[in-house]
Amino acid sequence: MKRKLEISELIFKIISYTLLTMFAICCLYPFIYTISASISGYEAVIYNQVILLPKDVQFKAFTSMFNDNMFWNSYTNTLFLTFYGTIWELVLSILGAYALSKKRLMFRKGFNFFLVFTMWFSAGTVPQYLNYLDTQKVFNTIGITDDKWLVVLAMGMAAMNIILLRNAFEGVPSEIEEAAIVDGATEMQVLWRVYIPMSKSIIATVSLFFALSRWNGYYWAKTMMENSFEHPLMVYIRNTLEIYQDSERSEGLIKDNAYAPDSMIYAMIICSIIPILIIYPFIQKYFAKGVNAGGVK
Amino acid sequence: MQVSDYLIFDKESGTYIEDPEQAVRDDVEKHHWLNVLRTILRDWRLYLMLIPMILVFLFWRYFPMYDLLGCFKMPDPIETNVWNQDYVGFAHFNTLIFGSDTSSISPEFWRAFRNTFLLSFYGLLFGFPTPIIVALFFNEIRSNIARSVLQVATYLPKFMSTVVMTSLIIMLVQQGGQMQGCGVISQMLEFIGAIDHETAVAGLLNQPQFFRAIYQISGIWEGAGYDSIVFFAAIIAISPTSYEAAQMDGAGKMAQMRYVVLPSILSTIVIMLITRIGSLLSIGYEKVILLYKPDTYQTAEVVSTFAIRYGGVGENRSSGLGKGWGSAAEMMNNVVGMLLVIGANTIARKASDVSLY
């Protein structure tokens, strides 16, 4: 009896290890291929000779990308949108979630419904587009001609994240807050000194979500920004890919046959994911905790 | 009835006397709004904190709903305020649902609606069980280092943007390696015999019959690892004594799965399933826009992209009735979606005392 049990367990363990390893390899393979192909030679790439490891190593795709002003321009735009967008969303969400977490708030149910309703029902793309156009007009009349601010201020703000924060704030024991108030702390001090330090992991998770959605944002940025100097990185990558797909225009992408046009696109993709890869390990321990803490309530 | 509020029976004297507390209650009642105002003034800091968030939601989430009125109005290129446009009632809805003599839009709308439903339904069918299985497998891996490495690797695709993911799909499936005529993944599929050479060279993304498979597989690639976090957390919360008790009773691995693990994570599964059912009609349009092309509209077009194309969003120029059709199509899609969410939430509350919102 004992023996049989161990065998079934062993088999299951082996299956788990194999399948998970295979899945992990599938998850990583496109990235490894991307890196290899971006530093492989012209012929190796266009004849699909690169399967896993780079062949005829060259770094010309990277150097010519680094010399491309439009690339740096779009990179700066993305940094701008991510930085201000994350701060804007974080400040608004923390303040709002803190107020909503207070039981003594009048019309609390009404405010909650106001938020949650946007998760149930959204107007859709056409009305949203008309709304952004109107906003653009208003912004222009008050002197904000830069569409970056439209993207920063008007886009984003997901109700789900505010609810995650609110749930976390509700979990903070009220005794600590009362003690702080007895010591003469103001509302802002209570929030800053008690609530924020005690909900660090969920705030880290939520700011990661904010920053990611800003970094990765594409559609509305592309639709609302007509000036290509304002385009963020994702729009630039997509535009380059479209130029590449259009065989007549793709000749402009390479100067000589030192590298394949594919390598250029792969190099851009790598540069766009490097910041995420740098932050990811630091924040990973928080988000596993944060997702579980705030997920379902 | 009014009298009984004021008079209470006094046992000692045996008569009805006036209730002294009722005067206070009356006072509170009379000054209800004054008290509300007083509370608001006392907590004015809280309301001040709330205002910026409320304004953002009002401007950019609720004001678009005003423009949604366009689905009952005649689109007018000169008069941009929907309120002043001519009211046409449910004409756009009629045209979309039943068709009309002057346009052939109805089949296209139904195609988009069907595709929306099928894409999310297949997403539920294949995309929902996979994270659970992944979590069960993660539970078997006892070595912390091995598990961390695998977790980092499988969560990673979730953090890639839609543009990066679709660019990789486009490059690896069909655009890359132009001398071979297909990308490296198509070549591998050809090598193992899943597709023949002509199909690979024609480009999988150009053929409507492959769109759904590409959409679902890339969806699983992206989300299965990350979505397993919730289930994995539920599994590791199971007390070890439960396993020991099952082992005492002679339960093998499969029996332990069946009688210990699954019942313990069932509530998590039910909640996640209901959330998924609730969002059955809200397909992210970004991925579809980035992957589809006129050749694959047959299987790829969803309601949002239908609205974007006909409603004149961005570079698309809407002609004639397009704006009305786009708004009406999304209106229908989103109303049905909202009913699904509310229904799913009600069921969740009834079934497990857990409300999602």
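A:
**Where the chains meet**

In this predicted model, 77 residues of chain A are in contact with 82 residues of chain B. On the chain A side, the biggest giver is helix 1, residues 2-38, with 17 residues. Now sort the chain A side by class. It holds 51 nonpolar residues, 19 polar ones and seven charged ones.

Start with the build of chain A. Its secondary structure is 14 helices and zero strands.

Next come the domains. Chain A splits into domain 1, residues 2-38, and domain 2, residues 69-294. Helix 1 of chain A also covers residues 2-38. The centres of domain 1 and domain 2 of chain A, taken over C-alpha atoms, are separated by 34 Å. How many residues link these two domains? Four residues of domain 1 of chain A are in contact with six residues of domain 2 of chain A. On the domain 1 side, two are nonpolar, two are polar and none is charged.

Then the overall dimensions. The C-alpha trace of chain A spans about 80 × 75 × 35 Å along its principal axes. Its radius of gyration is 25 Å, while a compact globule of 297 residues would have one near 19 Å.

Chain B has 18 helices and two strands. Its domain assignment gives domain 1, residues 2-84, and domain 2, residues 91-352. Between the C-alpha centres of these two domains of chain B lie 42 Å. Their contact takes six residues from domain 1 of chain B and seven residues from domain 2 of chain B. The domain 1 side divides into four nonpolar residues, one polar and one charged.

The C-alpha atoms of chain B fill a box of roughly 105 × 80 × 40 Å along the principal axes. A compact globule of 357 residues would have a radius of gyration near 21 Å. Chain B has 29 Å.

**The strands of chain B**

Strand 1 covers residues 7-10 and strand 2 covers residues 15-18. The two strands run antiparallel, and four bridges join them. Which residue of strand 2 partners B:Phe9? The bridge partner is B:Tyr16.

**Two crossing helices of chain B**

Now move along to helix 5, residues 91-98, and helix 6, residues 105-127, of chain B. Their axes come within 6 Å and cross at roughly 75°. Parallel or perpendicular? Angles from 65 to 115 degrees count as roughly perpendicular. Helix 5 and helix 6 of chain B are therefore roughly perpendicular to each other.

Which residues meet here? Helix 5 of chain B brings B:Thr95, B:Leu96, B:Ile97 and B:Phe98. Helix 6 of chain B brings B:Ile105, B:Ser106 and B:Phe109. By class, this contact has five nonpolar residues, two polar and no charged ones.

**Back to the start**

Return to the part you asked about. The chain A side that touches chain B counts 51 nonpolar residues, and helix 1 of chain A gives the most to that side.

Note on methods. Residues are numbered from 1 along each chain as its sequence is written. Chains are lettered from A and ligands numbered from 1 in the order in which they are written. This is a predicted model: local features need pLDDT of at least 70, side-chain atom pairs count only at pLDDT 80 or more; totals for chains, interfaces and linings use all residues. Two strands pair if DSSP finds at least two bridges between them. Ala, Val, Leu, Ile, Met, Phe, Trp, Tyr, Cys and Pro count as nonpolar, Asp, Glu, Lys and Arg as charged, and the others, Gly among them, as polar. Axes are lines fitted to C-alpha atoms, for helices over the stretch in contact, and angles run from 0 to 180 degrees between N-to-C directions. Angles under 35 degrees count as roughly parallel, over 145 as roughly antiparallel, 65 to 115 as roughly perpendicular and the rest as oblique. Domain bounds come from an automatic or database domain assignment. The radius of gyration is taken over C-alpha atoms; the globule rule is 2.2 Å times the number of residues to the power 0.38.
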